[in-house]
Structure formats: structure tokens, C-alpha cells
Amino acid sequence: MLEVRDLETYYGNIKALKGVSIEVPEGAIVGILGANGAGKTTLLKTIAGVLAPRAGAIVFRGEDIAGLPSHRILARGVALVPEGRAILSRMTVRENLEMGAFIRRDAGIAADMERVLRRFPVLSGRLRQPGGSLSGGEQQMLAIARALLSSPKLLLLDEPTLGLAPLMVAEIFDIIREIHAAGTTVLLVEQNIRQAMKVSSRTYVMETGKIVMEGPSKDLLREPRIRAAYLGRE
Ligand SMILES: Nc1ncnc2c1ncn2[C@@H]1O[C@H](COP(=O)(O)OP(=O)(O)OP(=O)(O)O)[C@@H](O)[C@H]1O
Ligand SMILES: [Mg+2]
């Protein structure tokens, strides 16, 4: 579904992605892990068109989308749930959700809205409240629900459980499993490494703008270098 090849993205003169290549098969959950500053967010933002790459290809369903503006990439079926939620705190929960569907022209929006509200009852009870009045976990759910309303084929999740209490973390992982079971392909950046590796079929490890390790998640979970660097203290 998605093939990223030799991707290079810069911030001014700083090269944040130094030739990144990954593949995300249709129907998979693929995980990306790596230390702070490794380039995970930069990679997701470049795929989503928030940042333009300087070199490389991003082939989504057979077409190179590298450098297209983000709304065009969203319209093709790639939705990003950014780090830090980025919901509109002064707009109501309903307005936030409606924003997710704004690029659509099809007849399925109302039905999707109903389905999303059934899945997220905590949101359906608070449609008229400002987004900013929700708790951190609820805001994360709103951000995910909003992305789902764009009817994505590929969902990019950037640290969806960051800063959440353990019960809420478990809830978000349940939601990721359900989204996947409903047919959406997922590319997941996570610091909850053990849980991310259990839910994903394949994992890429990033360090300083490069992929340094990759493989089936169940194999990497047993990999001594991964255990030492990322799972050691658990
Ligand atoms: N707006 C920016 N301007 C300049 N440099 C940036 C900018 N955003 C990120 N960087 C740099 O690019 C590199 C990759 O950052 P990025 O945010 O992609 O990492 P990350 O893996 O998502 O880290 P984290 O785990 O902290 O979210 C880092 O060295 C960072 O300092
Ligand atoms: Mg990040």
C-alpha cells in the first residue's frame, strides 16, 4: 500500500531524514520506534504532506505522492493523527469531528459520523462542548475519531498514548486494534514499545534519521539489542 524509498527531509540545513525506506502492506499494522529526535514525527509528517521531502519517493497505492500538499494526500486516503493531538480547543467536539470530513464529497459522511459516535460514546455525550474541555485521553480519542471521519485507507498515528494513564493507554490500543480489524491500514509511532510490538506485524527502528533495524515484531521482541536498548528496564 505504501512504499517509502530513500526519503530525505530537511529543516533548513538540518537533514532530519537521511534516506529512509519503509514498506507498509495493505491491511497491516506497522510500528516505528526510536529515541527522541530520531525522526519519527518527521517521517509521518513527510508522508502526510505536512513537510516536503528533498529527495526520495513516497508511493501510495501505485502513485508517487511525495511533495503533494497535505489536503491532496488526505483526499487520497492518508490521514495523520499528529503528536500532541492538535484538536481545536475552542471549537466544539462536533465541529472538530466535522473538520475531519471536510475533504469528502461522498454520501457516507452521516453514516460514518453515527458509527464514530457509537464507537466513542464519551464524545457523543459532549458534542456541544469545546474540544479543550475534554481530558487528555478524550482529546486523543477526538483526534483519532476526526481522522477516521476522513475515511482513510492508511492511518498515521504519532504517539497516540503519550502522557496518558495506563487504563487510557489500553483503551487507545483497543481502538487501534478495532480500526485495523475494520480494514484500515495503520502506521504507528509509539513509545509504549512492548505494546506497540504486540499489536504490529512489522517494526522499524529509527536512529538519527535512519532505519537501523527492521523485521517481524515478534522476532524483534526477542532481539537482544532491542531488549537492551528499549525493553531493558521493563
Ligand atoms: N521544526 C524543526 N526545526 C528544526 N529541527 C527540527 C524541527 N522539528 C524537528 N527537528 C529536528 O529533527 C530531528 C527529528 O525530529 P523528530 O521530531 O522527527 O523526532 P522524533 O523521533 O519524532 O522525536 P520524539 O520522540 O521526541 O517525538 C531532531 O533532531 C529534531 O531536533
Ligand atoms: Mg515525535
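**The nonpolar interior and its surroundings**

Tutor: Setting aside residues up to four places away in sequence, Phe120 touches Met141, Ile144, Ala145, Leu148 and Ile175, where contact means heavy atoms within 4.5 Å. This is a predicted model, in which local features need pLDDT of at least 70 and side-chain atom pairs count only at pLDDT 80 or more, while totals for chains, interfaces and linings use all residues. Residues are numbered from 1 along each chain as its sequence is written, chains are lettered from A and ligands numbered from 1 in the order in which they are written, and side-chain values use heavy atoms, with hydrogens and water left out.

Phe120 is among the residues with the most contacts inside the largest nonpolar core, together with Leu97, Ile144, Leu155, Leu157, Ile176 and Leu188; this core has 37 residues. A nonpolar core is a set of buried Ala, Val, Leu, Ile, Met, Phe, Trp, Tyr and Cys residues joined through side-chain atoms within 4.5 Å; buried means under 20% relative accessible area, with a 1.4 Å probe and protein chains only. The elements that each supply at least two residues include strands S6 (78-81), S7 (154-158) and S8 (185-189), and helices H3 (93-100), H4 (109-119) and H7 (166-181). Helix H6 (136-148) also belongs to that list, and H6 gives the most, with seven residues. Helices (H or I, at least four residues) and strands (E, at least two) are DSSP runs, numbered from the N terminus. A second, separate core has 27 residues, among them Val30, Ile47, Leu156 and Tyr204.

H6 also holds Gln139. Gln139 counts as buried because its relative accessible area is 17%. Beyond its neighbours within four places in sequence, Gln139 is in contact with Arg85, Ile87, Gly131, Gly132 and Leu134.

Ile47, named above in the second core, is one of the buried residues of helix H1. Eight of the nine residues of H1 are buried, including Lys40, Thr41 and Thr42. Gly49 follows H1 and has a positive phi, near 85°.

Of the 13 residues around ligand 1, Gly37, Lys40, Thr41, Thr42 and Glu83 come nearest, a residue being near if one of its heavy atoms lies within 4 Å. A polar side-chain atom of Thr41 lies 2.7 Å from an oxygen atom of ligand 1.

Technical notes:
A polar contact is a pair of N or O atoms within 3.5 Å; within protein, one must be able to donate a hydrogen and the other to accept it, and residues adjacent in sequence count only if both atoms are side-chain atoms. Buried means under 20% relative accessible area, exposed over 50%, partly exposed in between (1.4 Å probe, protein chains only).
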